[in-house]
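Subject: Structure handover

Dear colleague,

Here is the structure I said I would pass on. My notes come after it.

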Amino acid sequence: VGREKLAGRQQRFAESQINKHLEANTTTEKYATFFFSIFDERTSELICTNAGHLPPILLRGAEVRRLDVNGMVVGVFPFAQYDTSRITLEKGDLLLLYTDGITEPENEYEEMFGEDRLIETVRRVAHKSNEEILNEVFTAVQQWTFAPETADDMTMMILRRV
């Protein structure tokens, strides 16, 4: 079995085990989402599974691409299947992984911050360090809501291919 096929099998097995464990040990209204990936430096390929989580956003120059959601939430159905996707990351690519605490906060007119504003904010400061980009996004969300604290967690991770 090739290295790539083995990694895919191991990933699907881990996802299946996590799902079965959560389904067996939590109440029916409890579930989780997750994005799990393995980066192969040799091929620059990101092998990933998205189990009901918001689709990560890939910024590649002027192109914007949302990665696949290829599995349902975890912990609801004991025999749920999870597929994997593959994408080659190119130099300069930015991959945004985030929770709904980034995109769903509303302003005084009940308009959500949304993915478009997230993308616009990141594009404007993409030349800065990842830490500075995160600070810019968090500040933009807080300015959007005019609230010192948000009602939901704001979690975001940036992967940059150099």
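Predicted model: local features only at pLDDT ≥ 70, side-chain atom pairs only at ≥ 80, totals over all residues.

Residues are numbered from 1 along each chain as its sequence is written, and side-chain values use heavy atoms, with hydrogens and water left out.

The sheet. Three strands form an open sheet in the order β1-β2-β5, with antiparallel pairing. Strands (E, at least two residues) and helices (H or I, at least four) are DSSP runs numbered from the N terminus, and two strands pair if DSSP finds at least two bridges between them. The edges are β1 (34–40) and β5 (85–88), each of which pairs on one side only. Neighbouring strands are turned by 25 degrees against each other on average, direction ignored; axes here are lines fitted to C-alpha atoms, for helices over the stretch in contact, and angles run from 0 to 180 degrees between N-to-C directions.

β1 and β2 (residues 45–51) are joined by seven bridges, and Phe-34 has Ala-51 in β2 as its bridge partner. Four bridges link β2 to β5, where Arg-86 is the bridge partner of Ile-47.

The cores. A nonpolar core is a set of buried Ala, Val, Leu, Ile, Met, Phe, Trp, Tyr and Cys residues joined through side-chain atoms within 4.5 Å. The largest has 20 residues, of which Leu-96, Ile-102, Leu-118, Val-122, Val-137 and Met-156 touch the most other members. β3 (57–60), β6 (94–98), α3 (114–124), α4 (130–145) and β7 (156–160) each supply at least two of its residues; α4 gives the most, with six. A second, separate core of nine residues includes Phe-35, Leu-67, Ile-87 and Leu-89.

The helix pair. The axes of α3 and α4 come within 9 Å and cross at roughly 135 degrees. α3 is therefore oblique to α4 (under 35 degrees counts as roughly parallel, over 145 as roughly antiparallel, 65 to 115 as roughly perpendicular, the rest as oblique). Arg-117, Leu-118, Thr-121, Val-122 and Arg-124 in α3 meet Ile-133, Glu-136, Val-137, Ala-140 and Trp-144 in α4, contact meaning heavy atoms within 4.5 Å.

Regards

Technical notes
Buried < 20%, exposed > 50% of the residue type's maximum accessible area, 1.4 Å probe, protein only.
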